[in-house]
Amino acid sequence: MKREVALAVIEKALEFADTCTFAFQGGEPTLAGLDFYREFVELVNTRKGREQQIYYSIQTNACRLDESWVGFLRENHFLVGVSLDGVRNTHDANRKDSGGEGTFHSVFENVRKLQRMQVPFHVLCVLNRQTAERAEAIYRFFCRKGFWYQQYIPCLDSIGDVRGEQEYSLGPKLYAQAMKKLFDLWFEDQRMGKPIYIRQFSNYLDILRGEQPEACAMYGRCSLQNVIEADGSVYPCDFYALDEYYMGNILETDFARLREEAQEERPGSFFESADRRDERCGRCRWYPLCRGGCRRDCVDEGERRRNYYCEAYQEFFEYAVERLEWLVSRMGKR
């Protein structure tokens with residue numbers, strides 16, 4: 001991202017919001033170089049108001065996190081999301097370097113650096129066919145290494161592909177099995193007072209408390225995520241950075257106009273029928289918890305739309321809801 005674009009993002013974001021999170025994703029965002037981030041933070045610091053609250057996050061494969069990177073992330077209070085697909089075998093199956101070698105060793109060593117320097121981080125594990133089958137081993141490994149903050153993200157097949165036909169694809173039955181196994185382990189740790197965080201389960205607790213979940217897949221409708229590419233192009237969602245959903249360029253528009261466009265829900269836009277999900281949602285007892293899931297998991301079948309993981313969520317909630325409610329009764333409102 002050129003300085004001109006970065007400056008436009010910063011100035012227009014600070015003009016629009018009192019609280020702002022700058023979140024960096026890729027590709028691999030560290031390839032922009034540490035000097036880019038140093039300048040970005042300096043530009044923010046010289047322009048933010050005294051009362052404005054600024055947060056930073058970065059999602060990385062962690063291969064380049066040397067001491068200079070880790071020191072910068074700590075100094076500037078970045079929350080780091082590290083892509084770590086479980087144990088060595090499951091991670092190295094799909095995450096290889098340019099020479100075709102697995103990256104587990106280097107990623108693990110760099111996560112240890114984050115731990116030693118007390119940089120807050122989450123481990124982000126993609127649930128694909130390999131990792132879902134080893135969900136228990138992966139959870140226990142993360143906990144044993146002190147990786148308390150965990151996210152398990154269902155693997156997406158490519159847009160246009162028939163779901164479930166790749167060797168890495170995550171099918172509904174396997175997804176349900178993995179969620180139930182992870183929940184059993186997590187629930188027991190919660191019951192014993194161990195501070196393990198799994199994002200999905202934590203959001204379900206928030207919903208049961210009557211609070212707003214922080215994961216957009218649980219809103220029940222698509223919201224504007226303000227995804228900005230290196231050239232300033234703006235898209236509504238990182239799953240839909242597609243030409244047909246292009247919203248303009250940040251050099252020529254601002255966040256107020258982008259929000260207005262999202263609220264218009266005009267025909268043909270990304271936000272037309274922003275709350276449309278599975279056709280069965282309206283009569284499903286689990287909708288108040290599920291909210292229809294992520295739009296990216298919904299498949300059009302003629303005039304109908306169905307969530308690929310609908311049966312998995314139904315099976316999971318039937319299995320877990322009483323224990324989720326028990327946890328809420330024990331924990332109360334935050």
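A cavity here is a set of points, on a 1 Å grid over the protein atoms alone, where a 1.4 Å probe fits but cannot get out. Grid points are joined across faces, edges and corners, and a volume is the space filled by probe spheres set on the points.

## Ground rules

This is a predicted model, where local features need pLDDT of at least 70 and side-chain atom pairs count only at pLDDT 80 or more, while totals for chains, interfaces and linings use all residues. Residues are numbered from 1 along each chain as its sequence is written, and side-chain values use heavy atoms, with hydrogens and water left out.

## The open sheet

Let's start with the sheet. It is open, with 6 strands in the order β1-β2-β3-β4-β5-β6 and parallel pairing. Because β1 (19-24) and β6 (197-198) stand at the edges with a single partner strand each, one side of each has no neighbour in the sheet. Strands are DSSP runs of E with at least two residues, helices are runs of H or I with at least four, and both are numbered from the N terminus. Two strands count as paired if DSSP finds at least two bridges between them.

Inside that order, β4 (residues 121-127) and β5 (residues 149-154) run parallel to each other over 5 bridges. L124 sits opposite Q151 in β5. In a regular strand, side chains alternate between the two faces of the sheet.

## The cavity

Searching the whole structure turns up 1 cavity of 30 Å³ or more. The largest cavity has a volume of about 30 Å³. Its lining is made of L127, Y152, M179, L182, I198, Q200 and F201; a lining residue has an atom within 4 Å of a point. Helices α8 (172-191) and α9 (199-208) each put at least two residues into that lining.

By residue class, the lining of the largest cavity splits into 6 nonpolar, 1 polar and no charged. Nonpolar covers Ala, Val, Leu, Ile, Met, Phe, Trp, Tyr, Cys and Pro, charged covers Asp, Glu, Lys and Arg, and the others, Gly among them, are polar.

T131 is part of helix α6 (residues 129-133). T131 is buried, with a relative accessible area of 0%; buried means under 20%, exposed over 50%, and partly exposed in between (1.4 Å probe, protein chains only). The T131 side chain reaches the backbone oxygen of V126 at 2.6 Å.

R209 turns up in the loop between α9 and β7 (227-228). R209 is buried too, at a relative accessible area of 7%. Between R209 and P172 there are 37 residues in sequence and 27 Å in space, C-alpha to C-alpha.

## The hairpin and its pocket

Strand β9 (residues 298-301) pairs with β10 (residues 304-307) in the antiparallel sense over 4 bridges. V299 stands opposite R306 in β10. The hairpin has 2 residues between the strands, and G302 takes a positive phi near 65°.

A pocket is an open set of points with protein on both sides within 12 Å along at least five of seven lines. The second largest pocket holds about 380 Å³ of space. It is lined by 16 residues, with Y240, R295, R296, C298 and V299 nearest its centre. Strand β9 gives the largest share of this lining, 3 residues. The lining of this pocket divides into 6 nonpolar, 2 polar and 8 charged.

Over residues 225-284 the chain is 17% helix and 7% strand, with the end C-alpha atoms 28 Å apart.

Conventions:
Polar contact = N/O pair within 3.5 Å; in protein donor to acceptor, adjacent residues only side chain to side chain.
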